Amino acid sequence: MTKSGLIEAVAECTPHISKKDTEIVVNTIFESMAQALKVGERIEIRGFGSFQVKVREAREGRNPKTGEPVHISAKRTPFFKVGKELKEMVDGIAPERVASNSGNNESS
Amino acid sequence: MTKAEIVEQIYEQVGFSKKESAELVEKVFETIKETLARGEKVKISGFGNFVVRGKNARKGRNPQTGQEILLEARRVLTFKPSLVLKTILNDDGSVEVSVAETYER
């Protein structure tokens, strides 16, 4: 499911609100969450999970292709910790296991 | 930030009533949860991807007693932040963003 699929699904459940407005709401939710993380704020959504910014220290890395040492600067990375309810919801599905998702790392 | 504060943002920025804002925010997170519970991934462009991954059973150890235990196969949720989000967190100049930004585990 993509963001537009999410907007679609939410709009279907709320027929009194236009799809355009639903789109604005969904965008605002994620924008305000991104802004909160930007100022270093922790986000906690009950039953869903929490987001937190962690600082990764600068380190010496290596270009895996050439073996050349490169300097990797310190950076801030968002971390997500799944909430108890969602964790159980995800794990509680039928015994058929999720097809191994490795190599399925496309970014948006 | 809590869900209540997100609702507040919707109320202020989009102009829905507090009740409608709360209903919509609730619905958005519920929909994401239900989708993930079906094992389907949720991709929010500009924010990140929530992906359900299967973990195989493996032997573990109770770190306190050293006793061996069997960890059963399970499904876990992982979040991969989008490049856009990672850039937002680093673009204020306080932390230098390096070329290695895209470097992943």
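This is a predicted model: local features need pLDDT of at least 70, side-chain atom pairs count only at pLDDT 80 or more; totals for chains, interfaces and linings use all residues.
Chain A contains three helices and five strands. Read from the N terminus, its elements follow the order α-α-β-β-β-β-β-α. Of the 108 residues in chain A, 37% are buried. When contacts in chain A between residues at least 6 apart in sequence are considered, 31% of them link residues at least 24 apart.

Aromatic side chains provide a way into the contact between the chains. Over all chains, twelve aromatic pairs are counted. One of them is formed by Phe80(A) and Phe50(B), whose ring centres are 5.3 Å apart and whose planes stand at 80°. The pair is edge-to-face, because an angle over 60 degrees between the planes falls in that class. Phe80(A) belongs to strand β5 (residues 75-82) of chain A and Phe50(B) to strand β2 (residues 48-55) of chain B, so this pair joins two chains. Both Phe80(A) and Phe50(B) are buried.

The axis of helix α1 (residues 3-13) of chain A comes within 10 Å of the axis of helix α2 (residues 18-37) of chain B, and the two cross at roughly 125°. With that angle, α1(A) is oblique to α2(B). The crossing of α1(A) and α2(B) is right-handed. On the side of α1(A), the residues that make the contact are Leu6(A), Ala9(A), Val10(A) and Cys13(A). They meet Leu24(B), Lys27(B), Val28(B), Thr31(B) and Ile32(B) of α2(B).

In chain A, the charged end of Lys54(A) sits over the ring of Phe79(A), at 4.7 Å from the ring centre. In chain B, Lys18(B) lies over the face of Tyr11(B), and the distance to the ring centre is 4.8 Å.

Arg53(B) and Arg75(B) are separated by 22 residues in sequence, yet their C-alpha atoms are 5.6 Å apart in space.

Terms used
Residues are numbered from 1 along each chain as its sequence is written. Chains are lettered from A and ligands numbered from 1 in the order in which they are written. Side-chain values use heavy atoms; hydrogens and water are left out. Rings of Phe, Tyr and Trp (its six-membered ring) pair if their centres lie within 6.5 Å; planes under 30 degrees apart count as stacked, over 60 as edge-to-face and the rest as tilted. Helices (H or I, at least four residues) and strands (E, at least two) are DSSP runs, numbered from the N terminus. Buried means under 20% relative accessible area, exposed over 50%, partly exposed in between (1.4 Å probe, protein chains only). A charge sits over a ring if NZ of Lys or CZ of Arg is within 6 Å of the ring centre and within 35 degrees of the ring normal. Axes are lines fitted to C-alpha atoms, for helices over the stretch in contact, and angles run from 0 to 180 degrees between N-to-C directions. Angles under 35 degrees count as roughly parallel, over 145 as roughly antiparallel, 65 to 115 as roughly perpendicular and the rest as oblique. A crossing is left-handed if the near helix is turned anticlockwise from the far one by less than a right angle, and right-handed if clockwise. Contact means heavy atoms within 4.5 Å.
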